[in-house]
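Hi,

Here is the structure I promised to pass on. Have a look at it first, and my notes on what turned up are just below.

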Amino acid sequence: MLDTTSVNLAVPTETRAGERRVALVPDVVKKLVGAGWDVVVQSGAGAEAAFSDAAYVSAGARIAPDAAATYEGAGLVVWVNAPEAAGTAGAHLVPRGAVVLSFFQAAQSSEALQVLAERGVTVFSFDLLPRISRAQGMDALSSQATVSGYRAGLSAAEHLAKFFPMFMTAAGTVPPAKVLVMGVGVAGLQAIATARRLGAVVKAYDVRAAAKEEAESLGATFVDTGVSAEGIGGYARELSAEELDRQRAALAGEVAASDVVITTAAVPGRAAPILVTQEMVEGMAEGAVVVDMAADSGGNCALTRAGEVVEHHGVHIVGMANPPSGMPTHASFLYARNVANVLALMGRDGVIAPDFDDEIVSGMCVLRQGRAVAPGAVAVLGGSGEGSAP
């Protein structure tokens, strides 16, 4: 059984390079304190997202001078990203038997996972949240994808050496930019909406047939390649090699005709599929732009490098690394709301007591008192991973 007594809720500064978000914002801290939580925030944790220590104090939080002091006595630790394994703010500082809530991909944080397992920590990850209606308010993947899609549209407009909207001037008419969005999930829909607001003519493509109506509702023209890959839980499944070849052949002309291509396609737990090959990039006009939102997982474009802008044959490929971090204030605000909704399910009055019979709780669980229960964690740590910890 997990401890059901009142615990400290710790909010450390994020350690991932370039991360500007914070797991809780003052408005949400105020509500949690009012609900019985004792919140401790590391000094400066919210600075990059424009939330001062003074704002947290006004909301009822205590400020700790460093990571070690933040973790001290914590029963619950909330991050945006998984921590480092060691260092001055590493996983080795998390109190034994504590509970952790964050985005936590086991394969990408194997060393930290090993440390937390050895310390008997229970880990819940937003990556594993079941895609059911009851969990919508907890869906941090979707909230952060909204930020990513918006930023992708703006990034495309920034890097394109043309106007997005049509202009009629005394010197002549300037045609609108032609934008192709590949992947019509939450991020793709927001990219479509943003490009449309900026005045572009937008086409959209997705392997899920259900995406057609959503794309068209935002004013995009849907591209049908004849390849469908409906997956489980609203995600697309991985395409076969033959399907990928058919998809690329059908999309080559659309890519070549576009001023901007925005890619968002991802398969959970796997490398991002290559949708835009080098040959397709070479078929685009000079000055065209590819904005790749899947850069952190390898990229949808064969030429993408995460965090860099690559120029190839006059085409600029923008590898967006950690897109939500580029708009940290509202990204943190949305994430904090997701955290609060999860805590409302898993505990109340400052008590953390998750019900593992609840499909959301069990679905999000990576480690249970140090034992791997999610397939990704089992793969990293070994063992069957079956059953629950005592």
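One cut-off before the details: a residue is called buried under 20% relative accessible area and exposed over 50%, with partly exposed in between. Keep in mind that this is a predicted model.

Salt bridges first. The count comes to 11 salt bridges, and I'll go through a few of them. D38 pairs with R62, and their closest N and O atoms are 3.3 Å apart. That pair links distant parts of the chain: D38 sits in strand 2 (residues 38-42) and R62 in strand 3 (residues 62-64), 24 residues apart. How accessible is D38? Its relative accessibility is 30%, so D38 counts as partly exposed. R62 comes out at 41%, so R62 is partly exposed too.

E254 and K203 also meet through their side chains in a salt bridge, at 3.2 Å from N to O. E254 has a relative accessible area of 22%, which means it is partly exposed. K203, at 33%, is likewise partly exposed.

What about R21 and E19, buried or exposed? Both are buried, and their side chains form a salt bridge with an N to O distance of 2.9 Å. As background, side chains of opposite charge can pair when their charged atoms come close.

Next, a helix. Helix 10 covers residues 328-346, which is 19 residues. From its first C-alpha to its last it reaches 26 Å, close to the 27 Å expected at 1.5 Å a residue. Its buried residues include P328, A331, Y335, V339, L343 and M346.

Most residues other than glycine have a negative phi. A50 is not a glycine, yet its phi is positive, at about 75°. You'll find A50 in the loop between strand 2 and helix 2 (53-58). With a relative accessible area of 61%, A50 is over the 50% cut-off and therefore exposed.

Q369 is the other one: also not a glycine, with a positive phi of about 50°. Q369 lies in the loop between strand 18 (365-368) and strand 19 (371-372). Its relative accessible area is 28%, so Q369 is partly exposed.

Cheers

Methods: Residues are numbered from 1 along each chain as its sequence is written. This is a predicted model: local features need pLDDT of at least 70, side-chain atom pairs count only at pLDDT 80 or more; totals for chains, interfaces and linings use all residues. Side-chain values use heavy atoms; hydrogens and water are left out. A salt bridge is a side-chain nitrogen of Lys or Arg within 4 Å of a carboxyl oxygen of Asp or Glu. Buried means under 20% relative accessible area, exposed over 50%, partly exposed in between (1.4 Å probe, protein chains only). Helices (H or I, at least four residues) and strands (E, at least two) are DSSP runs, numbered from the N terminus. The expected span of a helix is 1.5 Å times one less than its number of residues.
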